[in-house]
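Please look through the sequence and the three-dimensional structure below before reading on.

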Amino acid sequence: MSDLLSQARSAAEKAYAPYSKFQVGCAVETVAGKIYTGCNVENASYGLTVCAERNTLFQAVAAEGPGMKVARLSVICLGHEFPPCGACRQVIAEFSLPGGRTEVTFLQQGQPVTRTIAELLPEAFGL
Ligand SMILES: O=c1ccn([C@H]2C[C@H](O)[C@@H](CO)O2)c(=O)[nH]1
Ligand SMILES: [Zn+2]
């Protein structure tokens, strides 16, 4: 498993997911060469839940400032497999490389699959 994906897996262990039990972790490598990790954080008021991807992206902005750009992002859910949700795709697009060339990796049938954000969110608003 790639380094970024294994860091995402470690981050998933920290998830606060008492409602869905979906423990999701994310790792982001920025153009500046730094790595940030994060997990999903749920709430008794379900709609306030924040996905692992957006939690991680917002940490990266908080650390590097508004020019932060994402080179690569990996996401993993313990015991399940899925790519980033639609809301997270839109936020990844906001901080992506020109032309949506940021690479997004997730598991599919046990294997890492990598797609650009432009592939995951074609004809995106703002891209
Ligand atoms: O892209 C996604 C989609 C869902 N979740 C989390 C939110 C919630 O806590 C749980 C079930 O939806 O999974 C993520 O972290 N990332
Ligand atoms: Zn999401």
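This is a predicted model: local features need pLDDT of at least 70, side-chain atom pairs count only at pLDDT 80 or more; totals for chains, interfaces and linings use all residues.

Residues are numbered from 1 along each chain as its sequence is written, and chains are lettered from A and ligands numbered from 1 in the order in which they are written.

Cys-51 is found in the loop between strand 2 (35-39) and helix 2 (52-64), whereas Cys-88 lies in helix 3 (residues 86-94); helices (H or I, at least four residues) and strands (E, at least two) are DSSP runs, numbered from the N terminus. Cys-51 counts as buried because it has 22 C-beta neighbours inside 10 Å, and Cys-88 is buried with 26 other C-beta atoms within 10 Å. The terms used here follow from such counts: a residue is buried if 20 or more other C-beta atoms lie within 10 Å of its own, exposed if 12 or fewer, and partly exposed in between, with C-beta atoms placed from the backbone.

The contacts of these two cysteines tie the site together. Leaving aside neighbours within four places in sequence, Cys-51 is in contact with Val-24, Asn-40, Cys-85, Ala-87 and Cys-88, where contact means that the C-beta atoms of two residues, placed from the backbone, lie within 7 Å. Cys-88, with residues up to four places away in sequence not counted, touches Cys-51, Glu-53 and Arg-54. Ligand 1 is surrounded by 13 residues, of which the closest are Ser-20, Val-24, Asn-40, Cys-51 and Cys-85; a residue is near a molecule if its C-beta atom, placed from the backbone, lies within 6 Å of it. This shell divides into 8 nonpolar, 3 polar and 2 charged residues, with Ala, Val, Leu, Ile, Met, Phe, Trp, Tyr, Cys and Pro counted as nonpolar, Asp, Glu, Lys and Arg as charged, and the others, Gly among them, as polar.

Which residue does UniProt place under the feature "active site"? The unreviewed entry gives Glu-53, a residue of helix 2 that counts as buried because it has 28 C-beta neighbours inside 10 Å. Apart from its neighbours within four places in sequence, Glu-53 is in contact with Cys-26, Leu-73, Val-75, Pro-84, Cys-88 and Ile-92. Arg-54, also found in helix 2, is partly exposed, with 19 other C-beta atoms within 10 Å.

Helix 2 as a whole has 13 residues that should span 18 Å at 1.5 Å a residue, and its end C-alpha atoms are 18 Å apart, which agrees; the expected span is 1.5 Å times one less than the number of residues. Its buried residues are Ala-52, Glu-53, Asn-55, Thr-56, Leu-57 and Ala-60, and they pack against helix 1 (3-12), strand 1 (24-30), strand 2, strand 3 (70-77) and helix 3. Just after helix 2, Gly-65 takes a positive phi of about 100°.

In the largest nonpolar core, which has 29 residues, Ala-8, Ala-12, Val-24, Cys-26, Val-28, Val-75 and Ile-92 touch the most other members. The elements that give two or more residues to this core are helix 1, strand 1, strand 2, helix 2, strand 3, helix 3 and strand 4 (103-108), and strand 3 gives the most, with 5 residues. Such a core is a set of buried Ala, Val, Leu, Ile, Met, Phe, Trp, Tyr and Cys residues joined through C-beta atoms within 7 Å.

Two backbone details remain. Lys-21, in the loop between helix 1 and strand 1, has a positive phi of about 65° although it is not a glycine, and it counts as exposed with 11 C-beta neighbours inside 10 Å. Glu-123, in the segment after helix 4 (117-120), has a positive phi near 55° and counts as exposed with 6 C-beta neighbours inside 10 Å.

Technical notes
UniProt positions are given in the numbering used here, feature names are shortened, and annotations may be inferred rather than shown by experiment.
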